[in-house]
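Trainee: I am new to this structure and would like to go through it with you. Could you bring it up?
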Amino acid sequence: CGNGTDAPVPAPCAGRRRLKGLQNAGKRCGCRSTSLKREEEELRARAEKYPEWTVPVGALVPLVTVDVQHDRLAVTVWVIGRGEEMWLAYWGELYGQTIVAHAGAWLELEQLIARTVTHSTGAALRIAAVGIDCGDGNTSEAVYAFVRKNNRQDRPVLAVKGAPDDE
């Protein structure tokens, strides 16, 4: 790959091509694996086609994640199976106010978490849990209000806060 010096190419860089202006801080070189494209092609070949809000055999437990933005909620519905295999049943953005509780996008989210995911066997899989990001500070009170209103024993709704990438 060439590491920008006359030094020998480090072993981890064998078979990689040099990327301009990029330095891999962990390996102290500026290279990228040529196997990434191959991995992407293999993953694409394994991809299963199924309609939105449906999942194939093996999918068992639907979980909702919500990323809160100032003007919308970014929602994903993942269905988990054995061996931590996951299927994306839904991804979408619910536009509307998010700072005020029980208004705007929160009303659409309330309807969305009441939906079921259709299993390929025809079974209706109810949402098992919901996690909503509450870490931005501006929308936290609206998130907490949504959690208080919609949290149930059979379908927990949780306010979650991620850690920064540098921790």
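Trainee: Where is Leu 112 placed?
Mentor: Leu 112 belongs to helix H2; helices (H or I, at least four residues) and strands (E, at least two) are DSSP runs, numbered from the N terminus. This is a predicted model, in which local features need pLDDT of at least 70 and side-chain atom pairs count only at pLDDT 80 or more, while totals for chains, interfaces and linings use all residues. Residues are numbered from 1 along each chain as its sequence is written, and side-chain values use heavy atoms, with hydrogens and water left out.

Trainee: Is Leu 112 buried or exposed?
Mentor: Leu 112 is buried, with a relative accessible area of 8%. Buried means under 20% relative accessible area, exposed over 50%, and partly exposed in between (1.4 Å probe, protein chains only).

Trainee: What is Leu 112 in contact with, leaving aside neighbours within four places in sequence?
Mentor: Those residues are Trp 53, Val 75, Val 77 and Tyr 90, where contact means heavy atoms within 4.5 Å.

Trainee: Where does Trp 53 lie?
Mentor: Trp 53 is in the loop between helix H1 (35–46) and strand E3 (54–55). Trp 53 is buried as well, at a relative accessible area of 6%. Beyond four places in sequence, its contacts include Leu 112, Arg 115 and Thr 116. The C-alpha atoms of Trp 53 and His 119 are 8.7 Å apart, although 66 residues separate the two along the chain.

Trainee: Back to the helix: which residues of H2 are buried?
Mentor: In H2, the buried residues are Ala 105, Trp 106, Leu 109 and Leu 112. They line one face of the helix, because seen down the axis of H2 they fall within an arc of 115°; the arc is that of the directions from the helix axis to the C-beta atoms.

Trainee: What covers the buried residues of H2?
Mentor: The cover includes strand E4 (59–68), strand E5 (72–81), strand E6 (86–95), strand E9 (129–133) and H3.

Trainee: At what angle do H2 and H3 pack?
Mentor: Helix H2 (residues 105–112) and helix H3 (residues 140–150) pack at about 30°, with their axes 12 Å apart. Axes are lines fitted to C-alpha atoms, for helices over the stretch in contact, and angles run from 0 to 180 degrees between N-to-C directions.

Trainee: Which residues of H2 make that contact?
Mentor: Trp 106, Leu 109 and Glu 110 of H2 do so, meeting Ala 142, Val 143, Phe 146, Lys 149 and Asn 150 of H3.
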